[in-house]
Amino acid sequence: MDTSQLLKGVLDLAVLAVLRNEDGYGYEVLRRLRGGGMDEVGDASVYGTLRRLYRAGLLTSYVVPSDEGPHRKYYGVNEAGKARLAESELAWRRFARTLDSLLKTEGTAA
Amino acid sequence: MNTRVGATDYLERVRAALADLPADEVADIIEDVEPHLAEIDAEGDSLVDRLGEPEVYAAELRAAAGLPSRDATGQPQPKRPGQGRARFVLWSLVFTAGMAFLAGAASAARQLELEALLPAIVLAVPAALSLYWLHTGATRIAEVTALREYRWVAGVLPERVRAYLASLAPAWRVLRMVLLVLGLLIGFSGHNALGWLLTAAALAAVVLFDRKARTDRSKLWIIVPCSAFAAGIGLMAVGTLLDSVSDRNSGYYSGPAAGMYNNGAYVSNLYAFDENGRLVDPVYLYDQNGQPVDLSWTNCRGDGEPGPRNRFPQPEADPTYSTCVPAPAPSFVPALPKPSAVPPSVSATPSGPAGSGTVSAVPPVDPSVSGSVPPPSPVVPTTTITPTK
């Protein structure tokens, strides 16, 4: 099954999660997501999500000069972002549990 | 696909695919994407293989960023006027609101004659055009609010101030109604056709569109000028009110501030004669408080030495107004009473400046004036002089 539709809904949560402990620039965020198992996430989707979270005031950003190549723009989670992450995490766990039990009951009924 | 697209070309195509977005948004995106492409390029992969066509990449990025997507067909649209038009729409609102404010003030001052109708219509054209564009979707509110100047203004006001201003909105709606009705009455009583017409139009627009404007922000292009018009009426009404209050409290502002009048005519010079009809020159004049008489005749200033202001006759400006020349001899013969009639002697002697306790017989003179001052001689009153200073 194509999981990209599922991914889309939780990409915000995933991006906030991989930035929670350490700031990172776009490609780093992408690598952390892929490294965490989200292979199917599109490059452009991650960059778009970063922009949206930034505009929503959940991320801070700063530019770090790089010796080779263009400057890197780092993103970090600010207080509002941490609050959103905590909130979304709670919602996600509740939702996952609900769906889990739903799948179980339906499975036994069938 | 084997065509190897370099990072620069790829970036340019992404940029082109985002060209309809606000310039600073595009710049922020490019700032992210450029190192991304450089990184993949450095890994030796084909950008197109890894990321897909630049246009697809841009579309995916827009979708994830919550930015408006381009034409659903994916066809590159003709380049939007974008920021230029949005900027026009924003500034037309500012301009029209300013004009409406002035028109409101002029209307309340009954200075809007019907001849101003055409200019008023012409000045409303930018707002009407903006309204049309917003209505047809040629310009979106989001484009306007994405403008740098809008975001700057919105960012300058702290959240608390904005919340406070918003809490005043209901009171302002009531006040606006009162002001517009007041404007109607002023226009009606003053037979001020255009003022009345504009006020009536503003009133109707507010009644019709105010509720809609709360959800459809394009209606602000109607409501804001109407509000500015009402504010103009309010300013003029407050001004008129303050004027009448200060007039009532003291007649100070109604009189002339300086100078001297004789039978309603401005006095530009004074000639003193003794009882034998001889001109007394010079003569130094003081009022009842010992203040030097100053006619405030500004004709002669600057070059030439005009001397003290209370020394008469005062020098006058030469025909070119460049220097001061002695006043010409009076061109009239004073009609003096018969020499036998003894004029009443002046009982009041000019007193020194405030603070000096003694009353001196000789009027104080500016120390810079050389020459002796003649003692005050009896004056033959030929006219009634009213010092107004």
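Visitor: Why is W92(A) called partly exposed?

Guide: W92(A) has a relative accessible area of 40%. Buried means under 20%, exposed over 50%, and partly exposed in between (1.4 Å probe, protein chains only), so W92(A) at 40% is partly exposed. The model is predicted: local features need pLDDT of at least 70, side-chain atom pairs count only at pLDDT 80 or more, and totals for chains, interfaces and linings use all residues. Residues are numbered from 1 along each chain as its sequence is written, chains are lettered from A and ligands numbered from 1 in the order in which they are written, and side-chain values use heavy atoms, with hydrogens and water left out.

Visitor: How many aromatic pairs are there over all chains?

Guide: Rings of Phe, Tyr and Trp (its six-membered ring) pair if their centres lie within 6.5 Å; planes under 30 degrees apart count as stacked, over 60 as edge-to-face and the rest as tilted. That rule gives eight aromatic pairs over all chains.

Visitor: Why is the pair of Y62(A) and Y74(A) called stacked?

Guide: The ring centres of Y62(A) and Y74(A) are 5.7 Å apart, and the planes stand at 10°, so the pair is stacked.

Visitor: What makes this pair tie together parts that are apart in sequence?

Guide: Y62(A) belongs to strand β2 (residues 59–64) of chain A and Y74(A) to strand β3 (residues 72–77) of chain A, so the pair ties together parts twelve residues apart in sequence. Helices (H or I, at least four residues) and strands (E, at least two) are DSSP runs, numbered from the N terminus.

Visitor: Are Y62(A) and Y74(A) buried or exposed?

Guide: Y62(A), at 36%, is partly exposed, whereas Y74(A), at 17%, is buried.

Visitor: Why is the pair of W92(A) and F95(A) called tilted?

Guide: The centres of the W92(A) and F95(A) rings are 6.3 Å apart and the planes are at 45°, so the pair is tilted. Both residues lie in helix α4 (residues 79–109) of chain A, three residues apart, about one turn of the helix. F95(A) counts as partly exposed at 48% relative accessibility.

Visitor: Which strands of chain A make up the open sheet, and in what order?

Guide: The open sheet has three strands in the order β1-β3-β2 (chain A), with antiparallel pairing. Its edge strands are β1 (24–25) and β2 of chain A, each pairing on one side only.

Visitor: How do you know that β2(A) and β3(A) pair?

Guide: Two strands pair if DSSP finds at least two bridges between them. Six bridges join β2(A) to β3(A), so the two strands pair. Y62(A) stands opposite Y74(A) in β3(A).

Visitor: What makes R85(B) a charge over the ring of W133(B)?

Guide: A charge sits over a ring if NZ of Lys or CZ of Arg is within 6 Å of the ring centre and within 35 degrees of the ring normal. The charged end of R85(B) is 4.4 Å from the centre of the W133(B) ring and sits over that ring.

Visitor: Why is L50(A) called buried?

Guide: L50(A) has a relative accessible area of 0%, so by the cut-off already stated L50(A) is buried. L50(A) is in helix α3 (residues 43–55) of chain A. The C-alpha atoms of L50(A) and L16(A), 34 residues apart along the chain, are separated by 9.0 Å.
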